[in-house]
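Subject: Structure handover

Hello,

Here is the structure for you to look over. My notes follow below it.

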Amino acid sequence: MIRVCVVGMGRAGKIHAENFLNKIEGARLVGIADPVEPVAKQAGQKLGVPYWLDYKEALKAKDLDALVICTPSYVHLEQIVEAARAGKHVLCEKPLVLNSGEAEEALQAVEKEGVKLQVGYVRRFDKYYSEAKKRIEAGEIGKPLLFKNTARDPFLPSGWITDPSLSGGIFLDMLSHDFDMARWLMGKEVKEVEVRGGAWLYEEARKKGDQDTVGVLLTFENEGIGLLEGCRKCAYGYDLRTEVVGSEGVLMVGSPYDLNLSVGKDEGITPKKAKWFWERFEKAFLLEDRHFIECIGRDKEPLVGGIDGKKALEISIASRQSLKEGKPINL
């Protein structure tokens with residue numbers, strides 16, 4: 001039995017905690033941690049497990065094997081390193097950390113202590129993205145040549161996420177998911193990044209040095225390009241779509257509509273708006289958590305490891321640099 005503590009009781013933390021509580025064979029939620037006492041107390045009582053205000057106290061518990069980190073990005077490094085030193089395996093929500101130096105420190109810590117590190121790029125566990133990966137690897141669309149991705153959020157996030165010094169901004173907090181998908185589905189590394197964009201929708205984003213609308217051009221090693229758009233405001237809600245164009249065909253994942261429900265009226269048939277992020281990827285979060293437990297129990301390497309987290313981070317940093325300097329950046 002793998003005993004788990006989840007740190008950070010925001011939306012992602014609550015989803016992970018509920019999964020480990022009773023949905024994953026071979027795993028048991030033994031506690032949660034959050035520095036805000038009312039939040040920690042309420043979550044602990046709801047889940048029926050002990051709670052800590054300081055995650056370091058949780059690491060002292062003898063009946064703990066793994067730490068699931070769902071805290072703000074700027075504290076990830078400290079928590080990864082402390083967990084590794086305590087001999088605990090780590091599942092860390094994206095992004096891994098905020099810069100390359102921190103990434104090296106995190107990877108060195110888990111390697112030194114011999115613990116697993118999985119990074120929370122949940123789309124790799126989504127049914128449709130997983131199927132797309134299998135079909136690409138099977139050669140169904142021939143040689144992948146073009147990755148195209150649309151990522152639109154319904155509004156600018158609040159709190160610490162709006163400060164790019166704490167969250168990494170639009171490139172790391174939002175688009176690193178898409179950078180990970182680009183590498184994974186294309187099966188190639190990115191060698192150059194070029195970005196255009198700005199803060200044209202939100203004054204708060206502009207004042208804090210972030211962007212709300214960007215376009216990214218990726219150039220892959222061994223042929224291929226990627227075209228990505230990211231926007232922090234979308235009138236009709238959350239929208240995520242991906243295409244991979246190959247020499248023999250095209251794979252398309254996602255739709256701005258929920259095609260399982262339509263309404264027919266005098267003006268025609270209207271599909272329902274697509275599901276919000278947490279609804280769309282609910283099953284993927286569960287599969288992600290199951291995979292983490294399986295990697296610990298069977299001593300397997302995670303599908304999304306520390307190197308993957310570092311690669312997505314490097315593309316994000318290069319994107320920020322390209323926009324700032326107005327030129328392509330080589331990785």
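**What follows helix 6**

Gly-139 comes after helix 6 and has a positive phi, near 85°. Helices here are DSSP runs of H or I with at least four residues, strands are runs of E with at least two, and both are numbered from the N terminus.

This is a predicted model, in which local features need pLDDT of at least 70 and side-chain atom pairs count only at pLDDT 80 or more, while totals for chains, interfaces and linings use all residues. Residues are numbered from 1 along each chain as its sequence is written, and side-chain values use heavy atoms, with hydrogens and water left out.

**Helix 6 itself**

Helix 6 spans residues 127-137, and its buried residues are Tyr-129, Ser-130, Ala-132, Lys-133 and Ile-136. Buried means under 20% relative accessible area, exposed means over 50%, and partly exposed lies in between (1.4 Å probe, protein chains only). Why do these residues sit on the same side of helix 6? They cover an arc of only 160° around the axis. The arc is taken from the directions that run from the helix axis to the C-beta atoms.

The face turned away from that buried side carries exposed Lys-127, Tyr-128 and Lys-134. The cover over the buried residues includes strand 7 (144-152), helix 9 (176-186), strand 11 (239-246), strand 12 (249-253) and helix 11 (277-280). Contact, here and below, means heavy atoms within 4.5 Å.

The N-terminal end of helix 6 is capped by Asp-126. One of its side-chain oxygens lies 3.1 Å from the backbone nitrogen of Tyr-128.

**Asn-149, in strand 7**

Asn-149 belongs to strand 7. Its relative accessible area is 2%, so Asn-149 is buried. Its side chain makes a polar contact of 2.6 Å with the side chain of Thr-242. A polar contact is a pair of N or O atoms within 3.5 Å; within protein, one must be able to donate a hydrogen and the other to accept it, and residues adjacent in sequence count only if both atoms are side-chain atoms. Not counting residues up to four places away in sequence, Asn-149 touches Tyr-129, Asp-178, Leu-227, Leu-228, Glu-229, Leu-240, Arg-241 and Thr-242. Tyr-129 is also one of the buried residues of helix 6.

**Helix pairs**

Helix 1 (residues 11-22) packs against helix 12 (residues 282-298) at an angle of about 60°, with the axes 10 Å apart. Helix 1 is therefore oblique to helix 12. Axes are lines fitted to C-alpha atoms, for helices over the stretch in contact, and angles run from 0 to 180 degrees between N-to-C directions. Angles under 35 degrees count as roughly parallel, over 145 as roughly antiparallel, 65 to 115 as roughly perpendicular and the rest as oblique.

On the helix 1 side, Ile-15, His-16, Asn-19 and Phe-20 make the contact. They meet Phe-285, Leu-286, Glu-288, Asp-289, Phe-292 and Ile-293 of helix 12.

Helix 4 (residues 76-85) and helix 5 have axes that come within 8 Å and cross at roughly 10°. That makes helix 4 roughly parallel to helix 5. Helix 4 contributes Leu-77, Ile-80, Val-81, Ala-84 and Arg-85 to the contact, and helix 5 contributes Glu-102, Glu-105, Ala-106, Ala-109, Val-110 and Glu-113.

**Backbone exceptions**

Most residues other than glycine have a negative phi, and most peptide bonds are trans. The bond from Lys-94 to Pro-95 is cis, with omega near -10°. Pro-95 lies in the loop between strand 5 (89-93) and helix 5 (100-113).

The loop between strand 9 (213-220) and strand 10 (225-231) holds Asn-222. Glu-223 is found in the loop between strand 9 and strand 10 as well. Asn-222 is not a glycine, yet its phi is positive, about 60°. Glu-223 also has a positive phi, near 80°. Asn-222 is exposed, at 67% relative accessibility, and Glu-223 is partly exposed, at 48%.

**Asp-299 and Lys-116**

Asp-299 lies in the loop between helix 12 and helix 13 (306-325). Asp-299 is exposed, with a relative accessible area of 60%. Which residue's side chain does the side chain of Asp-299 join in a polar contact of 2.8 Å? The partner is Lys-116.

Best regards
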